[in-house]
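Reader: I have a model open and would like to go through it with you. Can we take it piece by piece?
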2 protein chains.
Amino acid sequence: MILDSETKAVELPEDHGDELRLWLRLLTCTTLIEGEVRGRLRERFDVTLPRFDLMAQLDKVPDGMTLSDVSKRMMVSNGNVTGLVERLVESGHLDRRTSDTDRRVQVIRLTKAGRAEFRRMAAEHQIWIADIFSDLSPKDVRDLMRLLAKTKGSAQKSAQKRALQA
Amino acid sequence: MILDSETKAVELPEDHGDELRLWLRLLTCTTLIEGEVRGRLRERFDVTLPRFDLMAQLDKVPDGMTLSDVSKRMMVSNGNVTGLVERLVESGHLDRRTSDTDRRVQVIRLTKAGRAEFRRMAAEHQIWIADIFSDLSPKDVRDLMRLLAKTKGSAQKSAQKRALQA
DNA sequence: GCCAATTGCTTGAAGCCTAAAGAAATGCAA
DNA sequence: TTGCATTTCTTTAGGCTTCAAGCAATTGGC
């Protein structure tokens, strides 16, 4: 039986196994690397990965960000950020104040000590990452960057589609 | 100042920015897709991603696996699996018994209902994944598979190196 | 100015996750 | 056989994470 592309509408069971295998491999890579980074951050600096990630976001901006901004950039829920920030303020890494123009808004920044601490960690972190990817050639890295950009776009489109239906 | 490759030993600050950017992009892709899948599993089947993943592992083997096996395959801690299994046994998806030959070992399997439920979810899940990756050509998929395999190998090597030092 | 909708954040309940310590069973070597 | 190391799993403490509900402040339409 031969079918042309128009016939798709009848919903034949297509083969989607390749995409599934790709997704599982992507997930494996990320889990593996994440675990490795988490372990090194812990044993070397006694810091958790989420704390490090949050500080990384703040290091990019001198004047701080709102909790919502952090939440969007880290792609985690608002409530999650509330707790993380709480602990990092407690430990003296972060500085938090209410916005002058909008009293709902909390602006957080790295303290001087927090920034110094982060820079120290980030320097090593970058070397770990380079080591983890060291078998990849510069071309591999470029190709991966391109393909992952395409993947990201595709995933966002798909997510967008679902969001509209809901 | 010109330096040849021999001079690396003096530890010049090399440029590792590309690898870092690659890692962040990889992480973004995974987080994005994971969130999407988590949301769909929740709204469509009221199941969590870890539960689904655990059931996926068990669906591959008819005779069940030990908790340690599951733990290794899912790349999560032992204690984590203990809790997950507990809840899935409670809900009737899993069957658990102590090994006949080694009383330390717990063997878990999908129940009949659990397997049916999983198959139902997996069928849709696979379509979601295909949709999420739908902008990628077959060649893109192949290339990504290859590059991620290389990445996985590289990361494992790096992790291995660290494990030996410790 | 007033009210409804929206926005920014927090809280609470439930579950996920890790690292570390501990209990039970096994295996192996003296 | 005895004793010690190892393996398998559980427990505990602490932290991360989501979702949903809720509160407070702001915005926009009238």
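Reader: Is Ser158(B) buried or exposed?
Author: This is a predicted model, to begin with. Ser158(B) counts as buried, at 3% relative accessibility.

Reader: Which element does Ser158(B) lie in?
Author: Ser158(B) is part of helix α6 of chain B.

Reader: And what is Ser158(B) in contact with, leaving aside neighbours within four places in sequence?
Author: With those neighbours left out, Ser158(B) is in contact with Glu36(A), Arg40(A), Asp131(A) and Ile132(A).

Reader: On to the interface, then. How many residues does each chain put into the contact?
Author: Chain B gives 53 residues and chain A gives 53 residues.

Reader: What area do chain B and chain A bury between them?
Author: About 6,000 Å², with 70% of it on carbon and sulfur atoms. Leu22(B), Trp23(B) and Arg162(B) supply 12% of the area that chain B buries against chain A, more than any other three residues.

Reader: How many residue pairs are in polar contact between chain B and chain A?
Author: The count is 25 residue pairs, with both residues at pLDDT 80 or more.

Reader: Which helices of chain B each supply at least two residues of the side that touches chain A?
Author: These are α1 (17–45), α5 (112–132) and α6 (138–165) of chain B. The largest share, 21 residues, comes from α1(B). By type, the residues on the side of chain B that touches chain A divide into 23 nonpolar, 13 polar and 17 charged.

Reader: What does the pair of Asp95(A) and Arg109(A) tie together?
Author: Asp95(A) lies in strand β2 of chain A and Arg109(A) in strand β3 of chain A, so the pair ties together parts that are 14 residues apart in sequence. Asp95(A) is partly exposed at 28% relative accessibility, and Arg109(A) is partly exposed with a relative accessible area of 29%.

Reader: What about Glu117(A) and Arg120(A), how do their side chains meet?
Author: In a salt bridge, at 3.0 Å from N to O. Glu117(A) and Arg120(A) are three residues apart in helix α5 (residues 112–132) of chain A, so about one helical turn separates them.

Reader: And in chain B, where do Asp59(B) and Arg115(B) sit?
Author: Asp59(B) is in helix α2 (residues 49–59) of chain B and Arg115(B) is in helix α5 of chain B, so the pair links distant parts of the chain, 56 residues apart. Their side chains meet in a salt bridge at 3.1 Å, N to O. Asp59(B) is buried, with a relative accessible area of 17%.

Reader: Which residues do salt bridges with shared partners join into one network?
Author: Glu36(A), Arg40(A), Glu43(A) and Arg162(B) are joined that way.

Reader: Different topic. Where is Ser99(A) found?
Author: In the loop between β2 (94–98) and β3 (106–110) of chain A. Ser99(A) is buried, with a relative accessible area of 13%.

Reader: What does the side chain of Ser99(A) reach?
Author: The backbone nitrogen of Thr101(A), at 3.2 Å. Not counting residues up to four places away in sequence, Ser99(A) touches Val105(A) and Val107(A).

Reader: Last one. How far apart are Arg38(B) and Leu49(B) in sequence and in space?
Author: They are eleven residues apart in sequence and 5.5 Å apart in space, C-alpha to C-alpha. Arg38(B) lies in helix α1 of chain B and is partly exposed, with a relative accessible area of 39%.

How values were computed. Residues numbered from 1 in each chain as written. Chains lettered and ligands numbered in written order. Heavy atoms only, no water. Contact = heavy atoms within 4.5 Å. Buried area = accessible area lost by both parts, 1.4 Å probe. Polar contact = N/O pair within 3.5 Å; in protein donor to acceptor, adjacent residues only side chain to side chain. Helix = DSSP H or I, 4+ residues; strand = E, 2+ residues; numbered from the N terminus. Nonpolar A, V, L, I, M, F, W, Y, C, P; charged D, E, K, R; others polar. Buried < 20%, exposed > 50% of the residue type's maximum accessible area, 1.4 Å probe, protein only. Salt bridge = Lys/Arg side-chain N within 4 Å of Asp/Glu carboxyl O.
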